[in-house]
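Subject: Structure handover

Hi,

Here is the structure I promised to pass on to you. Please open it alongside this message, and my notes follow below.

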Amino acid sequence: MAETALVIVESPTKARTIKRFLPKNFVVEASIGHVRDLPQSASEIPAKHKKEAWARIGIDVERDFAPLYVTPKGKAKVIRQLKQQLKEADVLYLATDEDREGESISWHLLEILKPKVPVRRLVFHEITKTAIQHALENYRSVDLKLVRAQETRRILDRLYGYTLSPLIWKKIAYGLSAGRVQSPGLRMIVDRERERVRFRAAEYWDLLARLEKPGTAPAFDARLTEYGGKRLAGGKDFDQLTGTLKHDGVIQLTAADAQKLQGDLNDGTWTVEDVTSRDVTNRPAPPFITSTLQQEGNRKLGLSARETMRTAQRLYEEGFITYMRTDSPTLSTEAVAGARSQIESLYGADFLSESPRQFSATGRDAQEAHEAIRPAGTEFRHPEETGLSGRERSLYELIWKRTVASQMADAKKRSMAVKIRVGDARFTANGNSIVFPGFLRVYVEGKDNPEAALEDKEVLLPPLESGDSLSVQSLDTEQHQTKPPARYTEASLVQRLEKEGIGRPSTYASIINTLYERNYIRRQDRSLVPTFTGMAVVELLEDHFEELITYSFTSNMETALDEIAVGERDSLHYLQDFYLGETGLQQRVEQRESEIKPEHSRSIALPQLSEHQAVKIGRYGAYIVHQADGEEIHASIPEEYAPADLTESDIHELIEIQKNGPEPIGTHPETGDNVYCLTGRYGPYLQLGETPEDESKPKRASLPKGVRPSEVSMELAVKLLSLPRTLGVHPEKGTEVVANIGRFGPFVVTDGEYRSLKKDDNVYTIDLDRALELLAQEKKGRRGSTVLKDFGQDPSGKRKVAIYDGRYGPYIKAGTKNISLPEELRTSEAIESLTLEQVREIIKSKE
């Protein structure tokens, strides 16, 4: 009789997939994430340790940094089930992920289950029959070096965060935090904003000609590049801090200069002076690793790093791709053969590279060397054959294309530069043609810079030779302004973090998410903008703990953790050096805490402020303090203002509104009430009538984005204040259907059910029929969040409770509050099994 085997994985999805490839005597169960962790709140600390001073941190520093592990809420039942299954098993297989975190989960399972049967560690980088069979034949034991490295990382993060964060609470505001990787990442975003604050724009002009060679197509553009033997200045020739030219020898044209030249050259003789061409070879990018997948997911699909990793996790657990946390772009021999076979069948042998390509890791600290992220198996499933949809389909197709392209032939291009003379002016036309597309037939790598992306586009020029005469179709003057340094996107931030060796690609998603959750950054289009609070936190750390947020310090910590993972460094000695002693973190904080003045820490210095002004951080956000004639005026800064975009005129306008008090902009034609334009935390808004003494809210309406308070007319005010509009009564519920505009855009609502209006809907004209149509559609939350489980009205709290799948993962919405769902409860199966009582407990612990 075959022995009974118990296999433990992290998630129910992974359990279902792996079960397909195992014999019938194998029972597969899911731990649903971690079964032990450091306490997340005081309520999780066991009674016997509550009075210990170290229990708050969860690390007993005096006992060699012994961690206090507890069982997270909701996990006791899972552990009981696993213990019961283990009693009936003859062998235990631990099949958690193959990285440090997966190794750690396996070790914690051993510590809790204490198995008396043989234990085998299964390691595989894809969930296919071949990979699982290979893992069963080549099992190993739990790697304690990896476990210790992960534990050290966890302890370091806890010591760093729990030692510095309380200090920031006292000196700036409660609820803020610092993190070993989070804080240097935030510093990068803040440093870029400071560059934008200091930036001074410069204006320059040039000419753009539309030319043609008589009798030959196509017409083409040429731009003025030289005049009188001197090169025309471009954006890179100006100093970003002064807006002046960095060097002599170039010409800066004014509008008047450009217009004069336009008149002088229009009737001139245009002749081709020189034609040069060169062949260019482009090679495909390597297959995806974790960081490049996050970057391209953001650039091409508009996904956040967290969304990309969550989607990739599902694809891996469902058996569609290989493991998604890897620093290695290497492909196995079987994968190379699979990709090349697919290329030949889909595109022909001409599109194959001459020989199989292999790529090696370029990161200085590359570790966790698995295979690249690619379609699973030896025969890649074409995206159209997967049955996937939505994000999963889009991300799988991206991975499929990148993998296949890596084994395709080089792209052959021909570039042409044509110099054209007219009088004392020289114009230049650049052409770019694709001779053989090669891998471009399948995949073009994304760019963060739109101008760089334009350079890859094909621009065709007619056949031209030196001495050819050209005719002018048009000659236009063009104005240009230098641009400030571009803010980071999630893609470019991930790229910079990896370049500096800060953190690990597998942690970038959670780092960025933490910055959002702490309100340190916000998204403006696709750019990451620091809030004033984020700037204040970075300034405090720079002023008093500069060494802890230098990029080299954080990178060196990662190197040390890698050395611990391979047994080249002792973890205890490293923790002692970091935390204890005269230069340790504990001593630094104790010594400097008294030196840090809250009033100074809550202030932010900006060059656009006068000597009588300051920006401060308060309980409800940032505000301007203006002192004049012995009077101090406080004016809230709306959240939509980025630090670098706050101009002197904005500051003046905010102060004037606050200083003069509410002055009516007119009288409402229907009610006779005064109409005011006021400014609050979320921006300027209109108010109808006075604020009642009982503090009940009068009718209000937010100004549309881009409309300044000084630009509001009475006609616009009356239109905006027509909201909310009652459209009628819901035929089934008997409740009013109302149209309105909220913080996140226009919506319709009835009986607490909200739906956002679509692009073509107008909140001022929408009728009841269209509103009912929208209300009948699948419920969406903020930013398109889908409802995963609706608990309805909570009788105890008298508020609606539901779980949404948001931009950064599943979360609980209780009334107006959003609460992150613990990591181990984020699978669809775990969410489905949650009860209202369990959700109440989570809400209670967070609140």
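Helix H2 (residues 76-87) packs against helix H3 (residues 100-113) at an angle of about 75 degrees, and their axes lie 11 Å apart. H2 is therefore roughly perpendicular to H3 (the label covers 65 to 115 degrees; under 35 counts as roughly parallel, over 145 as roughly antiparallel and the rest as oblique). On the H2 side the contacts come from Ile79, Leu82, Lys83 and Leu86, which meet Leu109, Ile112 and Leu113 of H3. Contact here means heavy atoms within 4.5 Å. Axes are lines fitted to C-alpha atoms, for helices over the stretch in contact, and angles run from 0 to 180 degrees between N-to-C directions. Helices (H or I, at least four residues) and strands (E, at least two) are DSSP runs, numbered from the N terminus.

A word on the source: this is a predicted model, in which local features need pLDDT of at least 70 and side-chain atom pairs count only at pLDDT 80 or more, while totals for chains, interfaces and linings use all residues. Residues are numbered from 1 along each chain as its sequence is written, and side-chain values use heavy atoms, with hydrogens and water left out.

Now to the sheets. An open sheet of 4 strands runs in the order E2-E1-E5-E6 with parallel pairing (two strands pair if DSSP finds at least two bridges between them). Strand E2 (26-30) and strand E6 (119-121) are its edge strands, each pairing on one side only. From one strand to the next, the twist averages 25 degrees. Strand E1 (residues 5-9) and strand E5 (residues 91-94) are joined by 4 bridges, and Val7 has Tyr93 in E5 as its bridge partner. Helix H1 (residues 12-19) packs on this sheet, touching E1 and E2, and its direction makes about 165 degrees with that of E2.

Another open sheet of 4 strands has antiparallel pairing and the order E29-E30-E31-E32. Strand E29 (786-794) and strand E32 (817-820) stand at the edges with a single partner strand each, so one side of each has no neighbour in the sheet. On average, neighbouring strands of this sheet are turned by 20 degrees against each other, direction ignored. E29 pairs with strand E30 (residues 799-806) over 7 bridges, where Val787 has Tyr804 as its partner in E30. Tyr804 is in turn the bridge partner of Tyr811 in E31, and 6 bridges join E30 to E31. Strand E31 (residues 809-814) then pairs with E32 over 4 bridges, with Ala814 opposite Lys817.

What about the interior? The largest nonpolar core has 163 residues, and Phe124, Leu164 and Ile321 have the most contacts inside it. Helix H5 (residues 144-171) gives the largest share of this core, 10 residues. A second, separate core of 25 residues includes Leu232, Leu253, Leu265 and Trp270. A nonpolar core is a set of buried Ala, Val, Leu, Ile, Met, Phe, Trp, Tyr and Cys residues joined through side-chain atoms within 4.5 Å; buried means under 20% relative accessible area, exposed over 50% and partly exposed in between (1.4 Å probe, protein chains only).

Lastly, which residues of helix H22 (residues 768-775) are buried? They are Ala771, Leu774 and Leu775. These residues cover an arc of only 100 degrees around the axis, which puts them on the same side of H22 (the arc is that of the directions from the helix axis to the C-beta atoms). Their cover includes strand E25 (725-729), strand E26 (736-742), strand E27 (745-750) and strand E28 (753-756).

Best wishes
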